[in-house]
Amino acid sequence: MAAMWLVVLLGIGGWQLSLSSRARRLAAANALELIAARAAADAGVETGLASLTDTLHASEGNPSRLTAAGILDPWLSFGERRIDTLRISAERATIMFYDPAARVQLNHASVDDLRRFLIALPMDASDADRLAQHILDWRDTDDQPRSRGAERADYLRSGARLLPSNAGFGDLDELRSVDGMTAQLFARVAPHLTLLGVGQINVNVAPAAVLYSLPGFGDEAVAAVIRMRQQHRMVHSRDEIARELSRSAAEALSIAAPE
């Protein structure tokens, strides 16, 4: 009987040792993966900074290749860049750079800004108005819904998994939970949105859909800005755009967006 209990105890001890060894192996593997992931991320940042530096130096070293606008702003042609070929061990780093001033700042845009932007995607005007109000209700500090908006009570009634934060968006993925936002629509709007910057849009780099979010920017004003870019002319003021417009379009721009 004593020998039997000894065998049982040895078996239990071996089982515990096996579990302990497995836990240590998993911990070591996780630590190695974390080190590799951090190294890939750090290397990605350094690779991105080197890419930015090369862009600037290339502009400075060969000014004959620059347009007049490029001489004033060497970053003007930078736009958006993606680096996704960097690998360290089994880890892969994906780095993307973009100019926040070329996107709509989701936490600073007004309901009118968002409405104009959504319509320009394009999106039905009524749906755009409703979604814009839902976005503003999500991020404002009260629980009083706008006329076509939705607040916490509405989300509770619908059984939503995530409720409005009554604060600014913490990340863009949070926008997926706003009532009326579908996966397909999110894929269309996300490339034009940012949570960085102060909300000021640089008309020299922003795409057409973002330009439409600006007050007073109708078809004629947007077309004028795009045309000036094609002519390598940098926009410095609203008046420069207004001079390219008809009288009515210029007056609309002046009223909506005074200097």
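Biologist: First up, is R157 buried or exposed?

Modeller: R157 counts as exposed, at 64% relative accessibility. Buried means under 20% relative accessible area, exposed over 50%, and partly exposed in between (1.4 Å probe, protein chains only). Bear in mind that this is a predicted model, where local features need pLDDT of at least 70, side-chain atom pairs count only at pLDDT 80 or more, and totals for chains, interfaces and linings use all residues. Residues are numbered from 1 along each chain as its sequence is written, and side-chain values use heavy atoms, with hydrogens and water left out.

Biologist: Which residue forms a salt bridge with R157?

Modeller: D154, with the closest N and O atoms 2.6 Å apart. A salt bridge here is a side-chain nitrogen of Lys or Arg within 4 Å of a carboxyl oxygen of Asp or Glu. Both residues lie in helix α5 (residues 152–158), three residues apart. Helices are DSSP runs (H or I, at least four residues), numbered from the N terminus.

Biologist: And what does D129 pair with?

Modeller: R115, at 2.8 Å between the closest N and O atoms. That pair links distant parts of the chain, with D129 in helix α4 and R115 in helix α3. D129 and R115 also belong to a salt-bridge network with D112 and R148.

Biologist: Switching topic: which residues of α8 are buried?

Modeller: A221, V222, A224, V225 and M228. They sit on the same side of α8, because they cover an arc of only 160° around the axis (taken from the directions from the helix axis to the C-beta atoms). On the other side, D219 and Q230 are exposed.

How values were computed:
Helices (H or I, at least four residues) and strands (E, at least two) are DSSP runs, numbered from the N terminus.
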